[in-house]
Amino acid sequence: MTADEPLVEVTDLVKHFPIKQGILIDREVDQVRAVDGVSFSVARGQTLGLVGESGSGKSTVCRVMLQLLAPTSGSVRFEGQEIAGLSRRQLRPLRRQMQMIFQDPYASLNPRKRIGQIVGDPLKLQDVASGRELRMQVQELLERVGLSPEHYDRYPHEFSGGQRQRIGVARAIALKPKLVVADEPVSALDVSIQAQIVNLLDDLQDELGLTYVFVAHDIGVVRHISDRVAVMHDGKIVEEGTADQVCEHPRDDYTKKLLAAVPIPDPRESRARRASSSAA
Amino acid sequence: MSPAPLLSAQGLRVGFTTEGGLLQAVDGVSFDLAAGEVLAIVGESGSGKSVTAQTIVGLTRSPNARIEGSVRLGDTELLDASETELRKVRGERIAMVFQDPMTSFNPVYRLGAQIVEAIRAHRDGVSKSEGRARAVELLDSVGIPDAERRVDDYPHEFSGGMRQRAMIAMALALEPEVLIADEPTTALDVTIQAQVLRLLESLNRERGVATILITHDLGVVAEVADRVLVMYAGRVVEEGTLDEIFYDPQHPYTWGLLGSLTRLDRPRPKRLRQISGAPPSLLSLPEGCSFRPRCPHEFAKCMEMPGLEARLADAPSHCDRCWLDPERKREKREVGGQIGLEAPA
């Protein structure tokens, strides 16, 4: 293993979902090409941003990359090791290296479990800690993500959306993973709270040397947090480059269209843009 | 601005009795909406912006709700109106578009049928075929391709953006004077959002529909609004024209909202500027200014709640609730060359 070897390398990844018809005999009549030949790599300690609209395949890429869904074909190498096609048992020790943060902070936390249990379960399941040691580690994690150790015995419904997302972040970093995949982690949050979570993820990356794959449809947020950005459309990556390259000098027409649709929070510039687009 | 506003809310207060006590969701909101104007109400979740909108059309009436103040549409007082009177106002004079285009249509009826139903409920003597023709015309006017055929589709056959347009088409069916759009683009992709915003803008410009746009996204506001109300914890904390709010914001909360936006047209900052902390619980508001616990510029006077007043000599319609001296504000809001809220000490 060399230092400049990427942490994750995805090559020609394909995920097709069959469309079936028929009652007794399921005939496959067509396929949804959710991911249709995607390749990228993520360097250690860096962030790859995946942007695209609903249905572009960005969430499916994440799930296939983490082997939560089996790929139709293609390769996913994690620290040089091929993980596509590994059995659940073979994957289990690898799972602690790769964790996920989900979009909906309301649906991704079990309402019947206390915060301590939600954040502590990964540690318990992977036999990292138990008993008093577990409680201490969880409380440290809560503090690290900007919550208080006293929140240990509370339930998810007692928290706001932003706080819940912090709980989701604590759970994801509990096992000190190398890779964190964040699937639209801020899109359900208010703008001012989005900034808090983005800054938290930034800080954790510096402290823990995390590598992120950050998925969002908001290209502004993606540009802010990412080193490199890949734009997805119809299951394919249409453009990839450094965040500033892609956002300031887009080459692909779809990327240009996506950038042009982002509202500019500046009335004068927004008026100027509308005037020039209606003149064109 | 015309002397008699189309819609006027004065001292609107909406409280809900809950197990934890009286929850004052809206506490003294006043505004005038002129004909043909687009008023944006901006704020975080729980700021009371949606409750304000829903109360206008009588959707918050319930045994545990306490509604005070006045909302007048022309000569009609809406808060005292009976359900029968309100039913005439809704759709006919004020129409509403909701955030979630997935749940605002009934999934088991064809879209066209739902639009026809809305028309026929208000217009006696409109036949089904006339209603259908009107529905086709409406869908066509909001840019649904092949409207003649799509009018018989079910809601699930439409994409999110098309459904939101169909929702707007239905809202326009009776040619209302006021359109209330509650987060109309929040669930949509940016390219679709841009289309829906263009549509709202053209409705406003071409048909003169006065619009109340509720959103938490200042980018959306910059694209369409004429005037802006910024709400925080149930109160208006700043009110002004679009340019006043963006270029001369007076309330630290507004600075925070503006500062936390990511801007594609600027070089990216090392860190996003954030508003620290979370909005207060409406059941236990802090003493004095409700933004005080999150505000880095707090001083002794903030223990007293400031009124919503014009504090700038040259802008009588630009009001805010902040005790800071306007000259000092202009210094304090500049953070790294841009408007923002500095990190708490």
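This is a predicted model: local features need pLDDT of at least 70, side-chain atom pairs count only at pLDDT 80 or more; totals for chains, interfaces and linings use all residues.
**Notebook: chains A and B**

The C-alpha trace of chain B spans about 65 × 50 × 40 Å along its principal axes.

Residues are numbered from 1 along each chain as its sequence is written, while chains are lettered from A and ligands numbered from 1 in the order in which they are written.

**Chain B**

I looked up the secondary structure and got eleven helices and 14 strands in chain B. Helices (H or I, at least four residues) and strands (E, at least two) are DSSP runs, numbered from the N terminus.

Next I checked burial: 48% of the 345 residues in chain B are buried. Buried means 20 or more other C-beta atoms within 10 Å of the residue's own, exposed means 12 or fewer, and partly exposed is in between, with C-beta atoms placed from the backbone. Helix α1 (residues 49-56) of chain B is mostly covered, with eight of its eight residues buried. Among them are Lys49(B), Val51(B) and Gln54(B). Just after α1(B), I found Gly58(B) with a positive phi of about 75°.

**Core**

The largest nonpolar core holds 168 residues, and Val181(A), Val42(B), Ile115(B) and Val230(B) touch the most other members. Such a core is a set of buried Ala, Val, Leu, Ile, Met, Phe, Trp, Tyr and Cys residues joined through C-beta atoms within 7 Å. I followed up Val181(A): leaving out residues up to four places away in sequence, Val181(A) touches Cys62(A), Met65(A), Leu66(A), Met98(A), Met100(A) and Val213(A). Contact here means C-beta atoms, placed from the backbone, within 7 Å.

**Sheets in chain A**

I traced an open sheet of six strands, ordered β6-β7-β8-β3-β9-β10 (chain A), with mixed pairing. Strands pair if DSSP finds at least two bridges between them. β6 (98-101) and β10 (236-242) of chain A are at the edges with a single partner strand each, so one side of each has no neighbour in the sheet. β6(A) runs parallel to strand β7 (residues 179-183) of chain A, joined by four bridges, and Gln99(A) stands opposite Val180(A) in β7(A). Helix α5 (residues 161-173) of chain A packs on this sheet, touching β6 and β7 of chain A, and its direction makes about 175° with that of β6(A). Axes are lines fitted to C-alpha atoms, for helices over the stretch in contact, and angles run from 0 to 180 degrees between N-to-C directions.

I also found an open sheet of four strands, β2-β1-β4-β5 (chain A), with antiparallel pairing. Strand β4 (residues 73-78) of chain A pairs with β5(A) over two bridges, and Arg77(A) stands opposite Glu82(A) in β5(A).

**Where the chains meet**

Conventions: Two residues are in contact if their C-beta atoms, placed from the backbone, lie within 7 Å.
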